[in-house]
Amino acid sequence: MKHRHSGSLQNLSVGAVGLKEKKALTEAHRLLDNCILFASLSADERAAISARARLRTYKAGETVFAMGSPGNQMMALLSGTIRISVPFSEGKELFLAIIHPGEIFGELAVLDGNERSADAIAETACTLAILDRSDILSFFERNPSVWPKLIKLLVQRLRQTDQAFAEVALLQLPVRLAKTILRILNQETNSSVAKTFKIRFSQRELANMVGGTRESVNKCLRNWQKRDRIVKVSQGSIIVTNRRAFERLAEVTY
């Protein structure tokens with residue numbers, strides 16, 4: 001699978017940017033200040049780490065980083081969504097997580113200095129705050145109280161990866177697909193109050209996420225539409241009409 005690489009980079013220097021960039025700078029500092037990793041620091045300490053950030057923008061479909069590339073930066077997502085996945089068999093990818101604004105990602109390779117362990121692709125147009133590895137390591141050396149929070153974040157990432165691989169290895173495709181769709185619904189804002197939920201991923205993308213084929217995903221969705229009436233599939237769109245049914249399907253364990 002080929003991805004485009006053409007992110008636009010801007011240094012966050014207030015004197016050298018216009019009004020739009022200053023607003024982006026302010027938002028970057030606010031989100032970094034509120035990040036769980038930095039919440040226990042003083043205002044001056046948070047300002048110091050935020051001041052080291054740079055802005056970078058990506059268009060939908062562009063690669064933020066690829067598996068195997070150098071891990072010399074950590075990112076905070078300011079706007080848009082990022083898909084984290086690993087290459088799978090026959091050009092497919094195994095979906096691991098969706099990153100939302102305010103979340104940190106790319107931290108694992110930064111800490112050990114090794115290559116990236118997954119792909120990060122812009123699902124939508126995105127703006128990121130970039131922190132260099134040297135700044136991050138220096139920051140953690142000066143603030144050892146942050147380490148437990150980082151370990152908690154790393155454990156969460158590991159659990160997500162383990163779950164994704166276990167599902168592909170041990171569960172039938174309909175269950176994998178139901179679990180994936182439910183995760184997507186849980187990650188969408190306002191999904192708890194909506195009566196119907198439109199899945200913004202194509203059938204091919206869903207197939208990649210669950211380690212299946214587009215044909216097998218299509219067959220499963222058609223069965224759910226005709227037999228169970230829990231989805232509507234038409235003109236390339238997938239609409240979930242019965243969230244509770246997906247919750248029951250996703251309750252199947254290994």
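1. **Ground rules.** This is a predicted model, in which local features need pLDDT of at least 70 and side-chain atom pairs count only at pLDDT 80 or more, while totals for chains, interfaces and linings use all residues. Residues are numbered from 1 along each chain as its sequence is written, and side-chain values use heavy atoms, with hydrogens and water left out.

2. **Confidence.** pLDDT is the predictor's confidence in each residue, from 0 to 100. The protein has a mean pLDDT of 78, and 78% of its residues reach 70 or more. A contact means heavy atoms within 4.5 Å.

3. **Overall make-up.** The protein has nine helices and 12 strands. Helices (H or I, at least four residues) and strands (E, at least two) are DSSP runs, numbered from the N terminus. Of the 254 residues, 43% are buried. Buried means under 20% relative accessible area, exposed over 50%, and partly exposed in between (1.4 Å probe, protein chains only). Of the contacts with a separation of 6 or more, 70% join residues 24 or more positions apart.

4. **The largest nonpolar core.** A nonpolar core is a set of buried Ala, Val, Leu, Ile, Met, Phe, Trp, Tyr and Cys residues joined through side-chain atoms within 4.5 Å. The largest has 26 residues, and L177, I181, I199, L206 and W224 have the most contacts inside it. Elements giving two or more residues to this core include β6, α7 (203-210), α8 and β12 (237-240). Helix α6 gives the most, with six residues. Another core, of 19 residues, lies apart from it; V86, L96, I99 and A118 are among its members.

5. **L177 and L206.** L177 sits in helix α6. Its relative accessible area is 0%, so L177 is buried. Leaving out residues up to four places away in sequence, L177 touches L206, V210, V217, C220, L221 and W224. L177 and L206 are 29 residues apart along the chain, yet 7.5 Å separates their C-alpha atoms. On the same terms of sequence distance, the residues that L206 touches include I184, I199, F201 and I238.

6. **Helix α7.** This helix is mostly covered, with six of its eight residues buried. They are Q203, L206, A207, N208, M209 and V210. Just after α7, G211 takes a positive phi of about 70 degrees.

7. **R229.** Which residue has a positive phi although it is not a glycine? R229 does, at about 55 degrees. R229 is found in the loop between α8 (214-228) and β11 (231-234). Its relative accessibility is 65%, so R229 counts as exposed.

8. **The largest pocket.** Its volume is about 430 Å³. A pocket is an open set of points on a 1 Å grid over the protein atoms alone, where a 1.4 Å probe fits, with protein on both sides within 12 Å along at least five of seven lines; lining residues have an atom within 4 Å of a point. The lining has 21 residues, and E107, L108, S117, A118 and R157 lie nearest the centre. Helix α5 gives the most to the lining, with five residues.

Key:
Points joined across faces, edges and corners; volume = space filled by probe spheres on them.
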